2 protein chains.
Amino acid sequence: MQGGHRGRRATEGAHGVELYTYYRSGAAYRTRIALALKGVAYDSIPIDLAGDPGAQNDPAYRAINPQARLPALRLDDGDILIQSPAIIEYLEETVPEPPFLPKDAVLRAKIRGVAAIIGCDAHPLNNSSVLKTLRTAFAADSAQIHAWVAQWLTLSFMAVEALIGDEGFCFGPSPGLADIYLIPQIASAQRFDVPIAGWPRIVRVAGLAASHPAFMAAAPARQPDAK
Amino acid sequence: MQGGHRGRRATEGAHGVELYTYYRSGAAYRTRIALALKGVAYDSIPIDLAGDPGAQNDPAYRAINPQARLPALRLDDGDILIQSPAIIEYLEETVPEPPFLPKDAVLRAKIRGVAAIIGCDAHPLNNSSVLKTLRTAFAADSAQIHAWVAQWLTLSFMAVEALIGDEGFCFGPSPGLADIYLIPQIASAQRFDVPIAGWPRIVRVAGLAASHPAFMAAAPARQPDAK
């Protein structure tokens, strides 16, 4: 099966795999990359985070994900998984090819460490709910929002640049776990005008991903709910 | 070997496993719990995050961890691992007993999902560097800091309460991955006067952990650098 979004398959019963997603959500974006790399076909169920209130707060969606965040993945049998790190590890465990991680335990930990720099230190500080709270609770203006995002992205990208390899994707010729996390964060950087030119390894990885089919299929602009 | 901190072992050469840690760091705390549960003995190397500048910014520590954050784990052979989620998965892969996760892939994903609610959505918003930036960039006073912490912890704890089980630890009679993440976050809640009484499942897990040797050994007050 080809990865990426497709129309609902009329011939395969009521439910295939369904991803609750929003085109600009970084966590949904990384999950879309992972699904596309593994070749898992799915239907996209858009949840409009930009509404007021956001659609993630609808009781119908809260019944699917009590955290009221994206993404959520409904499996063929109806089980629902939440949180992109958990979904991505699930995909790695259940769809072995292509692997997101090598077999060596130390190298796996080093790659997971780079993923966690993005997933636990960069992304959580520039997601939409945090920026909204800075605007409402601290009256942050756009310059302050920019400075906030730039501060955390810069610290994280500096560390990522020091830890990834000198050629290919982050850790080799094929994309893996670190790339899955890094590419959506680069998109956030671009959206907030945080330049990445000072980190040549990151620039290199971004360039490779830009012409890789799975990363292209997962990009925000290619999603059915893109505005 | 018993888990937890111990003095350097004079009989075993220059280096055993070493954990770069700070007693009050939530990420170091969860790593200490994981090490203690797996029975991995280690030496604690305190890094004082509360200094000005914090000791994590010393060039000597940056050479160990380019992200200048805690924890970092130096293995017996000198390899250095960073980021608590990566270190904890490494321990699970290399020290099978006791397991942090069951064998079923969907259940593993559900447990990792709860861990990620804490690791990716709660903890990143109340770590010391974020609160320091709120104070410096937005002149946040203590009431605003409290409200900020309470907002994110409440959202996360509501979701955790909905997703964990009705008896035992988060997902059964023995502690596992979700408990490793949850307990340090409860300590943060107590430190910031965010009451947890409204979440009876979380209260139950906290009670069990309070008398479990591994959780007790990892607690901030039991660390050599506790103030």
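Q: Which residue forms a salt bridge with Asp79(A)?
A: Lys110(B) does. The closest N and O atoms are 3.9 Å apart. This is a predicted model, by the way.

Q: Where do the two partners sit?
A: The pair crosses between chains. Asp79(A) is in the loop between strand 4 and strand 5 (80-82) of chain A. Lys110(B) is in helix 4 of chain B.

Q: What does the side chain of Arg108(A) meet in a salt bridge?
A: The side chain of Glu93(B), at 2.8 Å from N to O. Arg108(A) lies in helix 4 of chain A and Glu93(B) in helix 3 of chain B, so this pair joins two chains.

Q: And is Arg108(A) buried or exposed?
A: Buried, because its relative accessible area is 17%. Glu93(B) is at 31%, so that residue counts as partly exposed.

Q: What about Arg69(B), which residue does that one bridge to?
A: Asp121(A), with the closest N and O atoms 3.0 Å apart.

Q: Where are Arg69(B) and Asp121(A)?
A: Arg69(B) is in the loop between helix 2 and strand 4 of chain B. Asp121(A) is in helix 4 of chain A. Here too, the pair crosses between chains.

Q: Which residues do salt bridges with shared partners join into one network?
A: Glu89(A), Arg108(A), Arg112(A) and Glu93(B).

Q: How many salt bridges are there over all chains?
A: The count comes to 18. Across the interface of chain B and chain A there are 8.

Q: Which elements of chain B give two or more residues to the side that touches chain A?
A: Strand 5 (80-82), helix 3 (84-94), helix 4 (105-122), helix 5 (128-138) and helix 6 (142-163) of chain B. Helix 4 of chain B gives the largest share, 12 residues.

Q: How do the residues on that side divide up?
A: Into 26 nonpolar, 10 polar and 8 charged.

Q: How many residues are in contact across the two chains?
A: 44 residues of chain B are in contact with 44 residues of chain A. The area buried between the chains is about 3800 Å². Carbon and sulfur atoms give 68% of that area. There are also 14 residue pairs in polar contact between chain B and chain A.

Q: Back to the lysine, but in chain A. What is Lys110(A) in contact with?
A: Phe171(A), Asp79(B), Ile80(B) and Leu81(B), leaving aside neighbours within four places in sequence. Lys110(A) lies in helix 4 of chain A. At 34% relative accessibility, Lys110(A) counts as partly exposed.

Q: New topic: helix 7 of chain A. How many of its residues are buried?
A: 12 of 15, so the helix is mostly covered. Among the buried ones are Leu177(A), Tyr181(A) and Ile186(A).

Q: What covers them?
A: The cover includes helix 1 (26-38), helix 3 (84-94), helix 4 (105-122) and helix 6 (142-163) of chain A. Helix 8 (200-210) and helix 9 (213-218) of chain A are also included.

Q: What span should helix 7 of chain A have?
A: At 1.5 Å a residue, its 15 residues should span 21 Å. The end C-alpha atoms are 23 Å apart, which agrees. Asp193(A) follows the helix, with a positive phi near 55°.

Q: Last one: where are the cis peptide bonds in chain A?
A: One joins Leu70(A) and Pro71(A), with omega about 0°. Pro71(A) is in the loop between helix 2 (59-64) and strand 4 (72-74) of chain A. Another joins Glu97(A) and Pro98(A), with omega about -10°. Pro98(A) is in the loop between helix 3 and helix 4 of chain A.

Note on methods:
Residues are numbered from 1 along each chain as its sequence is written. Chains are lettered from A and ligands numbered from 1 in the order in which they are written. This is a predicted model: local features need pLDDT of at least 70, side-chain atom pairs count only at pLDDT 80 or more; totals for chains, interfaces and linings use all residues. Side-chain values use heavy atoms; hydrogens and water are left out. Helices (H or I, at least four residues) and strands (E, at least two) are DSSP runs, numbered from the N terminus. The expected span of a helix is 1.5 Å times one less than its number of residues. Buried means under 20% relative accessible area, exposed over 50%, partly exposed in between (1.4 Å probe, protein chains only). Contact means heavy atoms within 4.5 Å. Buried area is the accessible area (1.4 Å probe) that two parts lose on being put together, summed over both. A salt bridge is a side-chain nitrogen of Lys or Arg within 4 Å of a carboxyl oxygen of Asp or Glu. A polar contact is a pair of N or O atoms within 3.5 Å; within protein, one must be able to donate a hydrogen and the other to accept it, and residues adjacent in sequence count only if both atoms are side-chain atoms. Ala, Val, Leu, Ile, Met, Phe, Trp, Tyr, Cys and Pro count as nonpolar, Asp, Glu, Lys and Arg as charged, and the others, Gly among them, as polar.
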